[in-house]
4 protein chains.
Amino acid sequence: MNIGIVGASGYIGETLVRLLARHPRVNLTVVTSRKLAGSAIGDAIPALRGQLPKLEFTDSDASKLAKNKDVDIYFLALPHGVAVEYARSLVNAGKKVIDLSADFRLNTSQRYEEFYGCPHPDPELLSRSKYVIPEIHNGSWKDAPIIGCPGCYPTSILIPIIPLLSDGVISNQGIIVNSLSGISGAGKKAEEYYSYCERAEDATPYGVPKHRHLSEIEQELSEASGKNIVIQFTPHLVPMIRGIITTIIAPANNNKSQDIYASWEKAYWGKPFISILPSGTPPHTSDLLHTNRIDISATHDPRTDNFIIHSAEDNLMKGAAGQAVQIMNLILGFPEDEGLI
Amino acid sequence: MNIGIVGASGYIGETLVRLLARHPRVNLTVVTSRKLAGSAIGDAIPALRGQLPKLEFTDSDASKLAKNKDVDIYFLALPHGVAVEYARSLVNAGKKVIDLSADFRLNTSQRYEEFYGCPHPDPELLSRSKYVIPEIHNGSWKDAPIIGCPGCYPTSILIPIIPLLSDGVISNQGIIVNSLSGISGAGKKAEEYYSYCERAEDATPYGVPKHRHLSEIEQELSEASGKNIVIQFTPHLVPMIRGIITTIIAPANNNKSQDIYASWEKAYWGKPFISILPSGTPPHTSDLLHTNRIDISATHDPRTDNFIIHSAEDNLMKGAAGQAVQIMNLILGFPEDEGLI
Amino acid sequence: MNIGIVGASGYIGETLVRLLARHPRVNLTVVTSRKLAGSAIGDAIPALRGQLPKLEFTDSDASKLAKNKDVDIYFLALPHGVAVEYARSLVNAGKKVIDLSADFRLNTSQRYEEFYGCPHPDPELLSRSKYVIPEIHNGSWKDAPIIGCPGCYPTSILIPIIPLLSDGVISNQGIIVNSLSGISGAGKKAEEYYSYCERAEDATPYGVPKHRHLSEIEQELSEASGKNIVIQFTPHLVPMIRGIITTIIAPANNNKSQDIYASWEKAYWGKPFISILPSGTPPHTSDLLHTNRIDISATHDPRTDNFIIHSAEDNLMKGAAGQAVQIMNLILGFPEDEGLI
Amino acid sequence: MNIGIVGASGYIGETLVRLLARHPRVNLTVVTSRKLAGSAIGDAIPALRGQLPKLEFTDSDASKLAKNKDVDIYFLALPHGVAVEYARSLVNAGKKVIDLSADFRLNTSQRYEEFYGCPHPDPELLSRSKYVIPEIHNGSWKDAPIIGCPGCYPTSILIPIIPLLSDGVISNQGIIVNSLSGISGAGKKAEEYYSYCERAEDATPYGVPKHRHLSEIEQELSEASGKNIVIQFTPHLVPMIRGIITTIIAPANNNKSQDIYASWEKAYWGKPFISILPSGTPPHTSDLLHTNRIDISATHDPRTDNFIIHSAEDNLMKGAAGQAVQIMNLILGFPEDEGLI
């Protein structure tokens with residue numbers, strides 16, 4: 001299979017290039033970036049110096065990409081609103097699209113407009129796409145022409161609590177989520193705010209109270225529980241390059257920690273990228289850097305009758321590029337962890 | 001006034017030495033440390049090289065310290081359980097004690113035992129001490145022989161929400177607190193876990209579900225509201241030297257953001273170390289490093305009817321040594337911010 | 001005395017504001033910045049929230065500043081080439097100017113052109129200025145209308161070796177200097193290269209082989225030794241906010257370590273900001289953060305007959321704003337360390 | 001081939017486990033550590049959670065390891081002085097040993113004693129070992145029973161300058177080396193000095209003037225040039241986890257930059273792990289993290305007639321574990337980069 005990556009100048013695109021360059025079963029044949037067009041891969045992504053000597057960045061021209069017979073699957077690492085334009089051309093030309101923007105994450109145009117400020121640019125195309133976390137969505141998504149990959153925060157929140165809501169282990173009301181993210185979650189930025197001296201030795205909350213990722217989080221939680229779920233979500237920026245810690249406080253539904261673990265074991269037994277840590281063992285982002293894994297654990301607090309649920313992931317891997325490659329593996333019938341260990 | 005610091009080898013003790021060395025109205029005459037006894041101050045605390053040339057660390061001998069006529073006030077920067085022993089000798093000798101350990105933070109021996117695993121070593125002495133956050137406790141504590149200084153997390157939690165509970169702006173049930181702390185909060189440690197390579201590029205929750213600081217937090221919240229309050233508190237360690245961010249989710253009691261701000265203005269107007277930031281302006285730990293300030297702000301979320309309340313402080317300053325010097329200033333009738341700007 | 005700071009939006013300007021805001025003997029009456037004009041100081045520099053409530057940034061209009069009768073001394077924290085224009089207006093109006101740009105660091109217009117690419121814009125004004133490191137230049141500079149403050153690297157290099165060259169302790173040939181600087185040395189930047197994710201976990205050399213600071217370094221070394229001195233200087237960027245370490249390798253002129261120490265003691269005895277560490281005690285930047293000190297030490301290597309000489313400083317303090325305030329103190333006849341401890 | 005790792009509790013051992021766990025042509029069958037004996041790999045090295053489920057740490061018993069018929073090659077990640085004891089037993093039992101300590105890096109017992117303070121514990125065994133940097137030593141080392149892997153600093157110094165000395169491009173006198181290392185170079189440490197709060201925001205020189213790695217550096221430089229070479233080497237610790245930058249100042253031997261590049265091209269053409277960057281392009285440690293690559297570049301300074309030569313590497317990869325696996329690949333006739341891309 002031949003693969004193309006559109007918009008590979010950011011951290012997610014770069015991570016996709018690294019992963020697909022060493023993937024044993026696919027050929028990375030096209031990598032595009034308006035900014036880097038004409039550069040050799042190894043010059044623009046120095047971590048790959050000496051590898052991929054024949055490949056260089058080409059321009060991101062949608063119609064040319066659509067006509068390129070050497071590419072079967074395109075990954076889009078583009079801003080929201082831009083991705084949909086490329087997806088339309090590519091899907092019309094029969095290409096499979098795995099999109100990492102926000103353009104194919106929501107089920108309805110209304111929800112998109114509520115959080116992104118304008119109507120969805122192509123609701124018909126949206127209706128043909130599927131939002132996929134492979135460990136959660138076990139259905140027929142493999143044949144969809146477009147896969148919408150989840151955001152980094154949603155992955156860290158949905159994986160630990162979807163089974164608990166489905167199984168009624170936690171209440172569907174009063175869920176409070178706090179997340180801590182490394183700086184790369186904001187993308188590659190030329191802004192004073194994201195400069196080293198401003199971000200080092202600083203922690204801060206942001207995006208309060210209605211971060212855009214709530215749109216997909218609440219959509220999926222509501223679907224899992226059959227009720228309309230509204231949560232409290234507060235992200236924080238902390239001084240590290242990569243990694244997300246999510247702490248979820250959820251009222252116990254007359255359950256105890258062992259029920260959480262039973263629910264998780266049932267849902268995730270044998271899943272190669274989910275590590276269920278013993279109660280009392282908190283996850284660490286550093287354990288997961290450069291892996292596609294998510295580590296989860298939970299504790300019951302008898303004083304409040306809440307569960308305290310934690311997850312950790314690498315925001316660029318399981319939270320973005322790694323999960324997208326995992327999705328590709330499943331579409332192509334490869335082992336789920338091919339090229340990801 | 002002549003001042004002594006007992007146990008000055010850790011980060012809090014070191015910060016006390018720095019602050020008191022340049023305080024314009026007191027003389028720092030005694031600095032003790034078992035580990036550093038005999039060293040010149042500037043050798044052990046290189047930030048002070050060239051200052052305090054005549055002062056060196058002496059041994060921490062309680063009876064000698066009690067007999068020292070050149071010292072009026074002692075700051076204790078000792079482990080809990082140890083501080084109480086020194087405090088007894090010093091108070092019996094008529095010295096004033098400002099204690100930074102956990103030994104004089106709780107009102108009852110029972111509460112101490114619940115969180116610290118053994119009965120309080122001297123309940124009678126405990127009953128003569130006062131727990132003080134200067135902006136909250138406006139009473140007669142100045143004459144108490146022993147002041148118990150609050151912990152770093154409690155300061156960051158109590159200052160923003162005590163007035164809100166007193167005024168009934170927030171519910172006294174369902175309060176969820178998440179805090180992010182720099183590594184110095186753990187003290188000066190010779191442990192692999194606290195080594196640079198283990199803590200850099202890592203974030204993690206810890207102390208779940210019953211961190212010791214809950215003892216004083218819930219004691220003070222209960223006192224302010226007149227009800228027994230139990231909260232959910234989850235601290236996290238993030239890779240920076242100093243600083244605490246606290247995010248509090250509290251159900252609104254049929255109130256809106258303006259009520260929070262009215263309550264804060266009423267309680268804290270003119271307080272030199274509390275900055276009330278506009279709603280929507282999140283605090284940053286980096287704005288407060290090496291200051292004795294705490295910055296607070298709040299937002300109402302109409303989707304959940306919760307308040308999202310934030311605070312930021314320097315854990316070694318307003319969270320420990322700075323606040324202790326502020327307390328000393330008030331005891332001695334100095335301007336509250338003397339030596340702290 | 002009333003003080004103005006022109007161009008206070010960068011890290012050096014901000015540090016000047018902090019220092020002068022709490023200086024006990026001067027009034028900070030004017031702070032300018034095109035970018036921040038109209039903002040309250042505490043909004044633009046959150047570390048100063050609550051202080052200087054009456055002061056706000058004004059626009060940087062040279063003729064208005066020249067006419068302002070409430071200001072006696074202006075600090076210029078402007079880019080090179082811009083500073084000279086302000087200096088001309090201010091000096092013509094009888095103001096004293098302490099300039100932190102490169103515009104008044106070089107003795108000749110030719111040297112300026114060699115390193116800065118264009119002739120000096122005002123050689124006459126240049127000839128009336130003095131380049132000052134207070135511990136080195138003991139002459140009549142106090143009366144000069146314009147003081148050119150040295151760069152951060154030059155301060156870290158000139159202080160340790162000027163006396164050694166003057167005394168002939170080290171050879172004037174074959175001097176090799178390597179420096180490591182924190183990121184704030186590059187200024188407040190909105191560039192991808194200076195973003196957190198690019199600079200954290202990275203070290204790199206830069207500015208090879210002819211960094212602009214060589215112009216003033218070699219000028220001063222040549223003056224001290226009476227010979228034309230050319231050195232090898234390689235700066236490196238390392239992931240910390242502040243601080244410079246300089247390591248100088250210099251051939252011993254038939255001398256031993258004790259001669260270095262004798263030369264330093266002679267030159268720097270009683271200087272409040274120079275700490276001479278014992279041979280074998282390397283300096284640490286962390287010991288000097290937020291201080292105006294420079295720590296120096298040296299070792300003789302019998303295997304090579306070289307001296308290895310180290311210095312450490314805070315690049316924003318002794319390397320820039322702190323030294324500028326020290327210069328102001330000396331001009332005004334204050335204690336050298338007033339407001340700097 | 002079956003592989004064992006002895007002493008895998010440190011950073012180098014851990015990196016070996018990671019590399020060999022995913023190496024496609026070898027089986028990792030034994031991993032030992034006194035400290036971790038009995039733990040599952042995934043518990044002790046959380047980055048490997050879920051992988052190697054059948055493998056656990058065993059005790060480091062030399063005679064048992066020697067008798068283990070399931071292991072062909074042992075990597076030793078042990079302290080110097082300890083490694084030699086294991087090596088003797090293992091070699092006597094016919095095992096191949098790849099040692100990462102200092103015990104087999106020096107050609108003579110005298111040189112060992114000069115730098116390590118005691119005579120070499122087994123000069124006969126030493127005489128049967130080979131010190132190997134694969135890109136430099138092209139001889140018969142593959143058959144030696146013991147390979148001594150170079151230290152991290154030596155790798156970063158020898159690769160760039162050995163060909164230049166052999167070709168006479170640089171002078172063999174007056175070579176000055178400064179290196180900057182991340183903290184992991186010191187190993188996994190439970191010492192206050194290596195704690196996060198002490199090492200973050202700090203840079204410092206250390207090991208002056210006679211760091212132990214000089215023993216192997218000067219041995220190899222002398223061998224390459226045919227003259228006894230003494231250099232000046234000053235290492236520095238900077239606040240990052242991994243990575244080494246080395247800056248070498250070497251007098252040009254009537255040569256220019258193009259001669260350096262010609263020498264490098266001749267020596268290293270086709271070598272998969274050496275990237276020769278254009279003159280004026282400085283290397284960055286961040287480009288090399290988690291790779292086995294070394295990036296080198298050079299500039300001629302006409303003002304001093306010196307070359308400024310830079311290298312960057314990941315100290316745990318090309319500087320230790322990665323290079324050891326590269327050596328194993330060559331011994332076993334695998335592609336040099338098998339399992340290392």
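This report describes helices, strands and chain contacts in a predicted model.

## Where the chains meet

In the contact between chains A and B, 38 residues of chain A are in contact with 38 residues of chain B. On the side of chain A, the elements that give two or more residues are strands S8 (176-181), S9 (204-205), S10 (232-237), S11 (244-251), S13 (294-301) and S14 (306-313). Sorted by class, this side of chain A has 18 nonpolar, 15 polar and five charged residues.

Chain A also touches chain D. This contact takes 14 residues from chain A and 15 residues from chain D. The side of chain D that touches chain A has four nonpolar, six polar and five charged residues.

## A buried strand in chain A

Strand S8 of chain A is one of the elements that touch chain B. Six of the six residues of S8(A) are buried, so the strand is largely enclosed by the rest of the structure. In a regular strand, side chains alternate between the two faces of the sheet. Both faces of S8(A) are covered: Ile176(A), Asn178(A) and Leu180(A) are buried on one side, and Val177(A), Ser179(A) and Ser181(A) are buried on the other.

Strands of a sheet pair through backbone hydrogen bonds, in either a parallel or an antiparallel manner.

## The sheets of chain D

Chain D contains an open sheet of seven strands in the order S8-S9-S7-S10-S13-S12-S11, with mixed pairing. Strand S8 (204-205) and strand S11 (274-276) of chain D stand at the edges with a single partner strand each, so one side of each is left without a neighbour in the sheet. Within chain D, strand S7 (residues 176-181) and strand S10 (residues 244-251) pair in the antiparallel sense over six bridges. The bridge partner of Asn178(D) in S10(D) is Thr247(D).

Strand S4 (residues 96-99) of chain D has both faces covered, with Lys96(D) and Ile98(D) buried on one side and Val97(D) and Asp99(D) buried on the other. S4(D) pairs with strand S3 (residues 73-76) of chain D in the parallel sense over four bridges. In this pairing, Tyr74(D) stands opposite Val97(D).

| Strand pair | Sense | Bridges |
|---|---|---|
| S7(D) and S10(D) | antiparallel | six |
| S3(D) and S4(D) | parallel | four |

Asn27(D) belongs to strand S2 (residues 27-32) of chain D. Because Asn27(D) has 15 C-beta neighbours inside 10 Å, it counts as partly exposed. Leaving aside residues up to four places away in sequence, Asn27(D) touches Asn2(D) and Ile3(D).

## How the helices pack

The axes of helix H1 (residues 11-21) and helix H11 (residues 317-331), both of chain A, come within 9 Å and cross at roughly 40°. That angle makes H1(A) oblique to H11(A). The crossing of H1(A) and H11(A) is right-handed. Ile12(A), Thr15(A), Leu16(A), Leu19(A) and Leu20(A) of H1(A) meet residues of H11(A) that include Met317(A), Ala320(A) and Val325(A). By class, the contact of H1(A) with H11(A) has nine nonpolar, two polar and no charged residues.

In chain B, ten of the eleven residues of helix H1 (residues 11-21) are buried, so this helix is largely enclosed by the rest of the structure. Among the buried residues of H1(B) are Tyr11(B), Glu14(B), Leu16(B) and Leu20(B). Their cover includes strand S1 (2-6) and helix H11 (317-331) of chain B, together with helix H8 (196-199) of chain D.

In chain D, helix H7 (residues 152-166) lies across several strands, including S7 and S10, and runs at about 40° to S10(D). The axes of H7(D) and helix H11 (residues 317-331) of chain D come within 8 Å and cross at roughly 100°. These two helices, H7(D) and H11(D), are therefore roughly perpendicular to each other. Cys152(D), Thr155(D) and Ser156(D) of H7(D) make the contact with Lys318(D), Gly319(D), Ala320(D) and Gln323(D) of H11(D). By class, the residues of this contact divide into two nonpolar, four polar and one charged.

Key. Residues are numbered from 1 along each chain as its sequence is written. Chains are lettered from A and ligands numbered from 1 in the order in which they are written. This is a predicted model: local features need pLDDT of at least 70, side-chain atom pairs count only at pLDDT 80 or more; totals for chains, interfaces and linings use all residues. Axes are lines fitted to C-alpha atoms, for helices over the stretch in contact, and angles run from 0 to 180 degrees between N-to-C directions. Angles under 35 degrees count as roughly parallel, over 145 as roughly antiparallel, 65 to 115 as roughly perpendicular and the rest as oblique. A crossing is left-handed if the near helix is turned anticlockwise from the far one by less than a right angle, and right-handed if clockwise. Two residues are in contact if their C-beta atoms, placed from the backbone, lie within 7 Å. Ala, Val, Leu, Ile, Met, Phe, Trp, Tyr, Cys and Pro count as nonpolar, Asp, Glu, Lys and Arg as charged, and the others, Gly among them, as polar. A residue is buried if 20 or more other C-beta atoms lie within 10 Å of its own, exposed if 12 or fewer, and partly exposed in between; C-beta atoms are placed from the backbone. Two strands pair if DSSP finds at least two bridges between them.
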